[in-house]
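Please look over the sequence and the structure shown below, and keep both at hand while reading.

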Amino acid sequence: MTQLEDLPRIPKGKRLTPKEQQEFSADVATVYNKHHISIKRIAQQTGRAYGTIHALLLNVGVTLRPRGGVTNGPPRRASR
């Protein structure tokens, strides 16, 4: 089972082979979907840009979660 800590840190500027890209994409999708880790945290862990991880998830068909995290409680009033 892939965890956030299991994702490889990829050196800046390194290009992945198609096989490496496929494996990396599958691992990132698993961490995002099954462990509910944010794109930002995945990007920090792997050394890839936020936009790269975002595009990668879209390319493999992942439905992205809405922004803002968990909203289980009642709505809060806006402060003025």
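Ile-37 is found in the loop between α1 and α2, where helices are DSSP runs of H or I with at least four residues, strands are runs of E with at least two, and both are numbered from the N terminus. This is a predicted model, in which local features need pLDDT of at least 70 and side-chain atom pairs count only at pLDDT 80 or more, while totals for chains, interfaces and linings use all residues. Residues are numbered from 1 along each chain as its sequence is written, and side-chain values use heavy atoms, with hydrogens and water left out.

Is Ile-37 buried or exposed? Ile-37 counts as buried because its relative accessibility is 12%, given that buried means under 20% relative accessible area, exposed means over 50%, and partly exposed lies in between, with a 1.4 Å probe and protein chains only. Apart from residues up to four places away in sequence, Ile-37 touches Leu-4, Val-31, Tyr-32, Ile-42 and Arg-65, a contact being a case of heavy atoms within 4.5 Å. Two others are related to each other, since Arg-65 lies over the face of Tyr-32 at 3.9 Å from the ring centre; a charge sits over a ring if NZ of Lys or CZ of Arg is within 6 Å of the ring centre and within 35 degrees of the ring normal.

His-36 counts as exposed, because its relative accessibility is 56%.

An α-helix has 3.6 residues a turn, so residues three or four places apart point the same way.

Which residues of helix α3 (residues 50-59) are buried? They are Ile-53, Leu-56 and Leu-57, and seen down the axis of α3 they fall within an arc of 95°, so they too line one face of their helix. What covers the buried residues of α3 includes α1 and α2. After α3 comes Gly-61, whose phi is positive, near 85°.

On the side of α1, Ser-25 has its place in that helix and counts as buried, because its relative accessibility is 7%. Leaving aside neighbours within four places in sequence, Ser-25 is in contact with Leu-56 and Val-60, and Leu-56 is among the buried residues of α3.

In the segment before α1 (18-34) lies Leu-16, which counts as partly exposed because its relative accessibility is 22%. With neighbours within four places in sequence again left aside, Leu-16 is in contact with Ile-10, Gln-21, Phe-24 and Arg-48.

Side chains of opposite charge can pair when their charged atoms come close. In this model the side chains of Lys-14 and Glu-20 meet in a salt bridge, at 3.6 Å from N to O, where the term requires a side-chain nitrogen of Lys or Arg within 4 Å of a carboxyl oxygen of Asp or Glu. By this rule the count comes to 1 salt bridge. Lys-14 is partly exposed, with a relative accessible area of 35%, and Glu-20 counts as partly exposed at 32% relative accessibility.

Taken as a whole, the chain has 3 helices and 0 strands, following the pattern α-α-α along the sequence. Buried residues make up 25% of its 80 residues, and among contacts with a separation of 6 or more, residues 24 or more positions apart account for 66%. The chain exposes about 6400 Å², of which carbon and sulfur atoms supply 50%, with accessible areas taken from the Shrake-Rupley method with a 1.4 Å probe and, for residues, only the protein chains shown counting as cover.

Note on methods: The arc is that of the directions from the helix axis to the C-beta atoms.
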